[in-house]
Amino acid sequence: MELRVLGCSGGIGGAAQRTTALLLDRDILIDAGSGVGDLSMDALCRIDHVCLTHAHLDHIAFLPLLVDTVAGMRQTPLTVHAPAAVIEALQRHVFNGTIWPDFSRLPTTDAPFMRYRELSLGQVLRLGERTILPLPVDHSVPAAAYRIDSGQASLVFSGDTGPCDAFWQAVNAIDNLRILIIECAFPDRERDLAVLSKHFCPSMLADGLAKLERACDLYITHLKPGQAEATLAEVESCLGHLAPRRLSNGLVLTF
Ligand SMILES: [Zn+2]
Ligand SMILES: [Zn+2]
(Lines give C-alpha, C1' and ligand atoms only; values in the text may rest on other atoms or scores of the structure.)
(Ligands and ions follow the chains in the order given, each with its own letter.)
Protein backbone atom coordinates (compact mmCIF):
# COMPACT_ATOMS: atom_id res chain seq x y z
CA MET A 1 0.00 0.00 0.00
CA GLU A 2 1.02 3.55 -0.61
CA LEU A 3 0.01 6.60 1.35
CA ARG A 4 0.68 9.92 -0.38
CA VAL A 5 0.58 13.11 1.65
CA LEU A 6 -1.52 15.79 -0.09
CA GLY A 7 -1.78 18.09 2.92
CA CYS A 8 -0.59 17.92 6.52
CA SER A 9 -0.51 21.49 7.80
CA GLY A 10 -2.56 23.08 10.55
CA GLY A 11 -3.33 25.96 8.18
CA ILE A 12 -2.91 27.44 4.71
CA GLY A 13 -0.38 29.74 3.01
CA GLY A 14 1.35 28.96 -0.27
CA ALA A 15 2.06 25.61 -1.89
CA ALA A 16 3.76 24.18 1.21
CA GLN A 17 0.72 24.64 3.44
CA ARG A 18 -2.28 22.47 2.70
CA THR A 19 -4.65 21.13 5.31
CA THR A 20 -5.02 17.44 6.05
CA ALA A 21 -5.59 15.03 3.18
CA LEU A 22 -3.88 11.67 2.59
CA LEU A 23 -4.32 9.55 -0.53
CA LEU A 24 -4.23 5.82 0.05
CA ASP A 25 -3.30 3.97 -3.14
CA ARG A 26 -5.35 5.80 -5.75
CA ASP A 27 -8.87 5.20 -4.55
CA ILE A 28 -9.11 6.03 -0.86
CA LEU A 29 -8.86 9.49 0.65
CA ILE A 30 -8.20 9.91 4.36
CA ASP A 31 -9.61 13.34 5.26
CA ALA A 32 -10.43 15.91 2.63
CA GLY A 33 -8.63 19.13 3.55
CA SER A 34 -7.26 21.65 1.07
CA GLY A 35 -4.54 19.22 -0.11
CA VAL A 36 -7.22 17.57 -2.26
CA GLY A 37 -7.22 20.68 -4.48
CA ASP A 38 -3.81 19.80 -5.94
CA LEU A 39 -5.01 16.51 -7.47
CA SER A 40 -5.62 16.33 -11.22
CA MET A 41 -9.12 15.73 -12.51
CA ASP A 42 -8.08 12.21 -13.41
CA ALA A 43 -6.84 11.53 -9.87
CA LEU A 44 -9.99 13.06 -8.35
CA CYS A 45 -12.17 10.73 -10.43
CA ARG A 46 -10.31 7.66 -9.15
CA ILE A 47 -11.29 8.32 -5.53
CA ASP A 48 -14.06 5.88 -4.55
CA HIS A 49 -13.89 6.16 -0.75
CA VAL A 50 -13.32 8.99 1.70
CA CYS A 51 -12.62 8.14 5.36
CA LEU A 52 -13.00 11.12 7.67
CA THR A 53 -11.40 11.43 11.11
CA HIS A 54 -13.76 14.24 12.16
CA ALA A 55 -15.86 17.09 10.84
CA HIS A 56 -13.58 20.08 11.53
CA LEU A 57 -13.27 22.27 8.45
CA ASP A 58 -9.54 21.74 7.92
CA HIS A 59 -10.30 18.00 7.39
CA ILE A 60 -13.44 18.27 5.23
CA ALA A 61 -13.12 21.62 3.42
CA PHE A 62 -12.68 20.11 -0.05
CA LEU A 63 -15.17 17.24 0.28
CA PRO A 64 -18.14 19.29 -1.01
CA LEU A 65 -16.11 20.46 -4.01
CA LEU A 66 -14.77 16.95 -4.68
CA VAL A 67 -18.26 15.43 -4.80
CA ASP A 68 -19.57 18.18 -7.05
CA THR A 69 -16.57 18.00 -9.42
CA VAL A 70 -16.53 14.25 -10.03
CA ALA A 71 -20.27 13.52 -9.79
CA GLY A 72 -20.99 13.68 -13.50
CA MET A 73 -17.98 11.49 -14.33
CA ARG A 74 -18.72 8.61 -11.93
CA GLN A 75 -20.97 5.59 -12.39
CA THR A 76 -21.28 4.87 -8.65
CA PRO A 77 -21.70 7.12 -5.59
CA LEU A 78 -18.60 8.36 -3.79
CA THR A 79 -18.70 6.63 -0.38
CA VAL A 80 -17.97 8.68 2.74
CA HIS A 81 -17.00 6.56 5.74
CA ALA A 82 -16.99 8.17 9.20
CA PRO A 83 -18.21 7.79 12.77
CA ALA A 84 -21.97 8.41 13.12
CA ALA A 85 -21.53 11.79 14.82
CA VAL A 86 -19.29 13.00 11.98
CA ILE A 87 -21.85 11.99 9.35
CA GLU A 88 -24.56 13.75 11.35
CA ALA A 89 -22.48 16.93 11.45
CA LEU A 90 -21.92 16.82 7.68
CA GLN A 91 -25.62 16.29 7.03
CA ARG A 92 -26.71 19.05 9.38
CA HIS A 93 -24.08 21.70 8.74
CA VAL A 94 -22.59 21.18 5.27
CA PHE A 95 -24.67 19.06 2.87
CA ASN A 96 -27.85 20.67 4.19
CA GLY A 97 -29.28 22.32 1.09
CA THR A 98 -28.05 25.74 2.23
CA ILE A 99 -24.27 25.59 2.43
CA TRP A 100 -24.16 22.85 -0.22
CA PRO A 101 -26.67 20.50 -1.88
CA ASP A 102 -27.50 17.20 -0.17
CA PHE A 103 -25.72 14.97 -2.68
CA SER A 104 -26.71 11.87 -0.69
CA ARG A 105 -30.22 12.45 -2.12
CA LEU A 106 -29.32 14.08 -5.43
CA PRO A 107 -29.82 13.79 -8.33
CA THR A 108 -32.16 10.99 -7.12
CA THR A 109 -32.41 9.10 -3.83
CA ASP A 110 -31.96 5.83 -5.76
CA ALA A 111 -28.75 6.90 -7.49
CA PRO A 112 -27.16 9.71 -5.47
CA PHE A 113 -23.73 11.24 -6.10
CA MET A 114 -22.51 10.30 -2.61
CA ARG A 115 -23.50 7.95 0.19
CA TYR A 116 -22.61 7.72 3.86
CA ARG A 117 -21.33 4.60 5.61
CA GLU A 118 -21.06 4.65 9.39
CA LEU A 119 -17.81 3.35 10.88
CA SER A 120 -17.88 2.47 14.57
CA LEU A 121 -14.93 1.88 16.87
CA GLY A 122 -13.78 -1.72 16.52
CA GLN A 123 -15.56 -2.14 13.18
CA VAL A 124 -13.27 -3.06 10.28
CA LEU A 125 -13.72 -1.57 6.82
CA ARG A 126 -12.37 -4.05 4.23
CA LEU A 127 -11.52 -2.77 0.77
CA GLY A 128 -9.90 -5.63 -1.14
CA GLU A 129 -6.80 -6.77 0.75
CA ARG A 130 -6.77 -3.56 2.73
CA THR A 131 -8.39 -2.97 6.07
CA ILE A 132 -9.14 0.29 7.82
CA LEU A 133 -10.06 0.34 11.48
CA PRO A 134 -11.14 3.38 13.52
CA LEU A 135 -9.30 3.85 16.81
CA PRO A 136 -10.33 5.98 19.80
CA VAL A 137 -8.95 9.51 20.26
CA ASP A 138 -9.96 12.50 22.39
CA HIS A 139 -10.56 15.71 20.44
CA SER A 140 -12.92 18.67 20.99
CA VAL A 141 -15.51 17.07 18.68
CA PRO A 142 -16.27 13.37 17.99
CA ALA A 143 -13.24 11.98 16.15
CA ALA A 144 -11.36 8.80 15.30
CA ALA A 145 -7.83 7.82 14.39
CA TYR A 146 -7.36 5.19 11.68
CA ARG A 147 -5.28 2.05 11.56
CA ILE A 148 -4.60 1.13 7.95
CA ASP A 149 -3.40 -2.44 7.49
CA SER A 150 -1.96 -3.58 4.15
CA GLY A 151 -1.70 -7.16 5.37
CA GLN A 152 2.09 -6.67 5.57
CA ALA A 153 2.20 -3.78 8.00
CA SER A 154 0.04 -1.18 9.68
CA LEU A 155 0.11 2.60 9.59
CA VAL A 156 -1.73 4.60 12.25
CA PHE A 157 -2.90 8.15 11.54
CA SER A 158 -4.03 9.97 14.68
CA GLY A 159 -6.11 12.68 13.03
CA ASP A 160 -6.59 15.37 15.67
CA THR A 161 -6.29 14.39 19.32
CA GLY A 162 -5.06 15.37 22.72
CA PRO A 163 -4.00 12.91 25.44
CA CYS A 164 -5.97 9.65 25.24
CA ASP A 165 -4.98 6.44 27.05
CA ALA A 166 -7.36 4.35 24.94
CA PHE A 167 -5.48 5.46 21.81
CA TRP A 168 -2.11 4.27 23.15
CA GLN A 169 -3.65 0.99 24.30
CA ALA A 170 -5.06 0.43 20.81
CA VAL A 171 -1.73 1.29 19.17
CA ASN A 172 0.20 -0.99 21.53
CA ALA A 173 -2.05 -3.89 20.51
CA ILE A 174 -1.02 -3.63 16.82
CA ASP A 175 1.57 -6.34 16.29
CA ASN A 176 2.48 -5.26 12.74
CA LEU A 177 2.76 -1.52 13.49
CA ARG A 178 5.29 0.15 11.20
CA ILE A 179 4.36 3.82 10.92
CA LEU A 180 2.72 6.26 13.34
CA ILE A 181 1.62 9.67 12.07
CA ILE A 182 0.68 11.82 15.04
CA GLU A 183 -0.38 15.40 15.38
CA CYS A 184 1.37 18.15 17.30
CA ALA A 185 -0.64 21.27 16.56
CA PHE A 186 0.86 23.74 19.05
CA PRO A 187 4.24 24.70 20.51
CA ASP A 188 4.67 24.34 24.28
CA ARG A 189 4.11 28.05 24.94
CA GLU A 190 0.53 27.50 23.73
CA ARG A 191 0.00 24.50 25.99
CA ASP A 192 -3.18 26.05 27.47
CA LEU A 193 -4.65 26.33 23.99
CA ALA A 194 -3.65 22.74 23.22
CA VAL A 195 -5.41 21.53 26.39
CA LEU A 196 -8.50 23.60 25.63
CA SER A 197 -8.80 22.49 22.00
CA LYS A 198 -7.68 18.89 22.69
CA HIS A 199 -4.57 18.90 20.54
CA PHE A 200 -1.00 17.95 21.42
CA CYS A 201 1.93 20.24 22.14
CA PRO A 202 5.43 18.65 22.34
CA SER A 203 5.56 18.13 26.14
CA MET A 204 2.08 16.54 26.10
CA LEU A 205 3.04 14.40 23.12
CA ALA A 206 6.17 13.23 24.97
CA ASP A 207 3.97 12.12 27.89
CA GLY A 208 1.76 10.23 25.43
CA LEU A 209 4.59 8.60 23.51
CA ALA A 210 6.08 7.40 26.82
CA LYS A 211 3.15 4.96 26.76
CA LEU A 212 4.04 3.60 23.31
CA GLU A 213 5.49 0.11 23.67
CA ARG A 214 6.26 -0.59 20.02
CA ALA A 215 9.07 0.60 17.78
CA CYS A 216 7.87 2.37 14.62
CA ASP A 217 8.64 5.20 12.23
CA LEU A 218 7.28 8.38 13.77
CA TYR A 219 5.95 11.30 11.70
CA ILE A 220 4.67 14.61 13.10
CA THR A 221 1.74 16.34 11.42
CA HIS A 222 -0.70 19.28 11.79
CA LEU A 223 1.98 21.87 12.66
CA LYS A 224 0.64 25.44 12.64
CA PRO A 225 2.15 27.60 9.88
CA GLY A 226 4.48 30.15 11.45
CA GLN A 227 5.07 27.93 14.48
CA ALA A 228 6.18 24.78 12.71
CA GLU A 229 9.93 25.28 13.21
CA ALA A 230 9.60 26.17 16.89
CA THR A 231 7.28 23.22 17.52
CA LEU A 232 9.59 20.82 15.69
CA ALA A 233 12.61 22.03 17.69
CA GLU A 234 10.70 21.27 20.89
CA VAL A 235 9.64 17.87 19.53
CA GLU A 236 13.28 17.14 18.71
CA SER A 237 14.46 18.13 22.18
CA CYS A 238 11.96 15.98 24.10
CA LEU A 239 11.48 13.14 21.61
CA GLY A 240 14.81 13.02 19.76
CA HIS A 241 15.39 9.43 20.94
CA LEU A 242 12.42 8.35 18.78
CA ALA A 243 13.87 10.02 15.64
CA PRO A 244 10.67 11.94 14.78
CA ARG A 245 10.30 13.18 11.21
CA ARG A 246 8.15 15.96 9.86
CA LEU A 247 5.35 14.84 7.58
CA SER A 248 5.52 16.82 4.34
CA ASN A 249 3.46 17.28 1.19
CA GLY A 250 4.32 14.84 -1.56
CA LEU A 251 5.86 12.30 0.82
CA VAL A 252 4.92 8.73 -0.12
CA LEU A 253 4.93 6.08 2.60
CA THR A 254 4.92 2.45 1.51
CA PHE A 255 3.88 -0.31 3.89
ZN1 LIG B 1 -9.87 19.13 14.70
ZN1 LIG C 1 -7.28 19.66 12.31
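## The sheet

Seven strands line up here as an open sheet, in the order β6-β5-β4-β3-β2-β1-β14 and with mixed pairing; two strands pair if DSSP finds at least two bridges between them. Strands are DSSP runs (E, at least two residues) and helices likewise (H or I, at least four), numbered from the N terminus. At the edges stand β6 (114-118) and β14 (252-254), each with a single partner strand, so one side of each has no neighbour in the sheet. On average, neighbouring strands are turned by 25° against each other, direction ignored.

This is a predicted model, where local features need pLDDT of at least 70 and side-chain atom pairs count only at pLDDT 80 or more, while totals for chains, interfaces and linings use all residues. Residues are numbered from 1 along each chain as its sequence is written, chains are lettered from A and ligands numbered from 1 in the order in which they are written, and side-chain values use heavy atoms, leaving out hydrogens and water.

## Strand partners and helices

Take β1 (residues 2-7) and β2 (residues 21-24): they run antiparallel, joined by 4 bridges. Val-5 sits opposite Leu-22 in β2.

Helix α3 (residues 63-70) packs on the sheet, touching β3 (28-32), β4 (49-51), β5 (78-82) and β6, and its direction makes about 160° with that of β5. Helix α4 (residues 84-93) packs there too, touching β5 and β6, at about 150° to the direction of β6. Contact means heavy atoms within 4.5 Å; axes are lines fitted to C-alpha atoms, for helices over the stretch in contact, with angles from 0 to 180 degrees between N-to-C directions.

## The zinc site

Now for the zinc ion (ligand 2): its protein donors are Asp-58 (OD), His-59 (NE2), Asp-160 (OD) and His-222 (NE2), lying 2.1 to 2.2 Å away. Donors are N, O and S atoms within 2.8 Å of the metal (3.2 Å for Na, K and Ca), and since water is not among the atoms, sites may look incomplete. Asp-160 also bridges to the zinc ion (ligand 1), and the two ions lie 3.6 Å apart. His-59 lies in helix α2 (residues 57-60) and His-222 in the loop between β12 (217-221) and α8 (228-239), so this pair ties together parts 163 residues apart in sequence.

## The two histidines

His-59 counts as buried because its relative accessibility is 0%, and His-222 does too, at 3%. Buried means under 20% relative accessible area, exposed over 50%, and partly exposed in between (1.4 Å probe, protein chains only).
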